[in-house]
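Biologist: Please pick one part of this model and take me through it closely. What does it touch, and what lies around it?

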Amino acid sequence: MDTGILILRLLVGLLVAGHGVQKISSHLGGRGLEGGTEEFRADGFRGGAFTALAAGGGQIGSGLLLAAGLLTPLAATGAIGVMTVALTVKWHNGLWVQNDGYEYPLVLIGTAAALAATGPGAWSLDAALGLTPYPLWWAGVALVAGLGSGLLTRLVLHRPAPAAPQAAAHGGR
């Protein structure tokens, strides 16, 4: 079981961290901080470069902590939070990724929550430092705090789309 948890932690943690690197640099196919800022603005978020830096830094930090199995509930909370924001951006496209849907963020949210519930396994920094096992209630805290922080971020930083002008209201079609 520890080998499976290690593989899962490394895969998901490094993917989340890599996604963050793309937001703030030209590494791993990213378009630099300017590209990350442009992406957030195009998705309707305010905050410019600060938003891109916060999101990218959150993804890098939580992803690396998750991969290392260090402070696993906190790492899961961060991953769940940033992926909840991504899910809200893609929500209107439906579930499936081929339609630019929220399938991928949902898988990462579920995996981070599962890692918070199972713990990081024996081959982790948490285990090496004697921080495990975490009580199961930490998984609930990670899920609620992660979802809550992601939804709050969306609420605070997202600008509503401007209302489309109604032709009938202006006497035309």
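Modeller: A polar contact is a pair of N or O atoms within 3.5 Å; within protein, one must be able to donate a hydrogen and the other to accept it, and residues adjacent in sequence count only if both atoms are side-chain atoms. Here a polar side-chain atom of Ser-124 lies 2.8 Å from the backbone oxygen of Gly-121. The model is predicted: local features need pLDDT of at least 70, side-chain atom pairs count only at pLDDT 80 or more, and totals for chains, interfaces and linings use all residues. Numbering starts from 1 along each chain as its sequence is written, and side-chain values use heavy atoms, without hydrogens or water.

Ser-124 sits in the loop between α5 and α6 (125-128); helices are DSSP runs of H or I, at least four residues, numbered from the N terminus. Ser-124 counts as buried because its relative accessibility is 7% (buried is under 20%, exposed over 50%, with a 1.4 Å probe and protein chains only). Beyond four places in sequence, Ser-124 is in contact (heavy atoms within 4.5 Å) with Arg-9, Ala-68 and Gly-69.

Now the wider packing. Ala-76 touches Leu-66, Ala-112, Ala-116 and Ala-142, leaving aside neighbours within four places.

In α7, Ala-139, Ala-142, Gly-146 and Gly-150 are buried. The buried residues of α7 pack against α4 and α5. On the other side of α7, Trp-137, Val-144, Leu-152 and Leu-155 are exposed.

Terms used: Helices (H or I, at least four residues) and strands (E, at least two) are DSSP runs, numbered from the N terminus.
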